[in-house]
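Below are some remarks for a colleague who is about to look through this model. Please read them with the coordinates open.

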Amino acid sequence: MNARYRILYETDLFGGIEEEDLASMLACLHTREARYRKGELIFQEGDVIQEAGIVLSGKVHIVQDDFWGNRHIVSAVPAGSMFGEAYACLGNEKLRVDVRAETDCHVLFLNLQKAMHVCKNTCPFHQRLVKNILYAIAGKNLDLAAKIQHTSRRSIREKVLSYLSEESRKTGSSYFSVPFTRQQMADFLAVDRSALSKELSRMQQDGLIEYERNQFHLKLRK
């Protein structure tokens, strides 16, 4: 297999797909590749898309800016993850977010509209592919539900504790790193950056956490 495509097996979309079927599947989905520089727009709010993207290298952010220019990070998409799949399956819904390259990145695009209809070639993997798309969308819905739980908390401390607890749960460890800078973490939790930094400092003084940049250690209360 082409080495740069090995990361595809880390995505929900290609789970259970045999290696020998991959080339045929990529052809069936009319894939194309593109490279983006840091900060470059991949998709723009208002676009109508039929393609989802898989990040082969780098990182992508899904962001939403309000009327006054305040930025809210909806999600971070690392290498091996997919974005745009819900809109691509609908095929006629305008994007309500921007998709930007957070770093220089390499993206593989797949036309999911091709997956939503029976393939004239009766590809043996087609049914599995549709099932995987449903799994991927369901997983994203769970992630968004978890985020709503974080941001709906009343205080900054409650938001941070909810978010860090979820990250600890996902990694299975009290030691972990988050995929955000401090400003990005503030944008993700919808709080002021300076207020977030002050609250993190207080939480460390209270013995709840230890942290260094984006590395965190959650501690049990004594």
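Predicted model: local features only at pLDDT ≥ 70, side-chain atom pairs only at ≥ 80, totals over all residues.

1. Arg182 belongs to helix α5, which covers residues 182–189. The residue is buried and yet has no salt bridge, the nearest side chain of opposite charge being that of Glu212, 8.0 Å away. A polar atom of the Arg182 side chain does, however, lie 2.9 Å from the backbone oxygen of Arg213.

2. Val107 sits in strand β8, residues 105–111, and counts as buried because its relative accessible area is 0%. Beyond its neighbours within four places in sequence, Val107 is in contact with Arg32, Glu33, Ala34, Tyr36, Ile42, Gly53, Ile54, Leu56 and Phe83.

3. The largest pocket holds about 1,300 Å³ of space. Its lining is made up of 47 residues, of which Val74, Ser75, Lys140, Asp143 and Leu144 are the closest to the centre of the pocket.

4. Which helix gives the most to the lining of the largest pocket? That is α3, with 11 residues, while the elements that each supply at least two residues of the lining include the strands β4 (59–65), β5 (71–78) and β6 (82–83), together with the helices α2 (85–90), α3 (126–151) and α4 (156–171).

Notes:
Residues numbered from 1 in each chain as written. Heavy atoms only, no water. Helix = DSSP H or I, 4+ residues; strand = E, 2+ residues; numbered from the N terminus. Buried < 20%, exposed > 50% of the residue type's maximum accessible area, 1.4 Å probe, protein only. Lys, Arg positive; Asp, Glu negative; His and termini not counted. Salt bridge = Lys/Arg side-chain N within 4 Å of Asp/Glu carboxyl O. Polar contact = N/O pair within 3.5 Å; in protein donor to acceptor, adjacent residues only side chain to side chain. Contact = heavy atoms within 4.5 Å. 1 Å grid on protein atoms, 1.4 Å probe; cavity = no way out; pocket = protein on both sides within 12 Å on 5 of 7 lines; lining within 4 Å. Points joined across faces, edges and corners; volume = space filled by probe spheres on them.
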